[in-house]
Amino acid sequence: MIEEKPKLVYGVEFGGVIHRVFDVRLPVIKDTIAALTDTQDACGETESPAANMRYRVAVMASALVSLGNIPKEDITPTLLLDGLVDTDLDIINAAIADAKKKRLAAVNSLPDIEPLSSPSVNAASVNSK
């Protein structure tokens, strides 16, 4: 079965074209750090409701693998803040939540592996005998 890429309802205008088809990946800590830095630089703080919204959109911009034919380097928080409507923001957030669920399902389907004991622990138990 071929999985269709999700589409935005209203899309984002770029280069005189409305872009609606998108793909996301699971955001990671690196995305969080970049989003916090972007928010601090743009807002001078990270605590207000406006800064919180910018932070969320900055994480989203990092997590977007593609948005229509927009070059990845042009998918920025500013582009999304200027061109994304609330309905489409919710659609992208749902796709990110779905990526998290898929990762969790994959993790839960794998067996747990016990970590190997460290050499210092093995040496200590040998030396105490």
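Is D31 buried or exposed? At a relative accessibility of 6%, D31 counts as buried, a label given to residues under 20% relative accessible area, with exposed meaning over 50% and partly exposed in between (1.4 Å probe, protein chains only). The structure is a predicted model, in which local features need pLDDT of at least 70 and side-chain atom pairs count only at pLDDT 80 or more, while totals for chains, interfaces and linings use all residues. Residues are numbered from 1 along each chain as its sequence is written, and side-chain values use heavy atoms, with hydrogens and water left out.

Charged pairs come next. Side chains of opposite charge can pair when their charged atoms come close. Here a salt bridge is a side-chain nitrogen of Lys or Arg within 4 Å of a carboxyl oxygen of Asp or Glu, and the count by this rule is three. In one of them, D31 meets R25 with an N to O distance of 2.8 Å. R25 has a relative accessibility of 33% and so counts as partly exposed.

Another salt bridge joins D38 to R54, whose closest N and O atoms are 2.8 Å apart. This pair links distant parts of the chain, with D38 in helix α1 (residues 29-43) and R54 in helix α2, 16 residues apart. Helices here are DSSP runs (H or I, at least four residues), numbered from the N terminus. D38 is partly exposed at 22% relative accessibility, whereas R54 is buried at 13%.

K102 and D98 also form a salt bridge, at 3.5 Å from N to O. Both residues belong to helix α4, four residues apart, or about one turn of the helix. K102 is partly exposed, with a relative accessible area of 45%, and D98 is partly exposed at 35%.

Now to the packing of helices. Two packed helices are described by the angle between their axes and the distance between the axes. Helix α2 (residues 49-63) packs against helix α4 (residues 86-109) at about 60 degrees, and their axes are 11 Å apart; the axes are lines fitted to C-alpha atoms over the stretch in contact, and angles run from 0 to 180 degrees between N-to-C directions. The two helices are therefore oblique to each other, a term for angles that are not roughly parallel (under 35 degrees), roughly antiparallel (over 145) or roughly perpendicular (65 to 115). The contact (heavy atoms within 4.5 Å) involves R56, V57, M60 and A63 of α2 together with L89, I92, N93 and I96 of α4.
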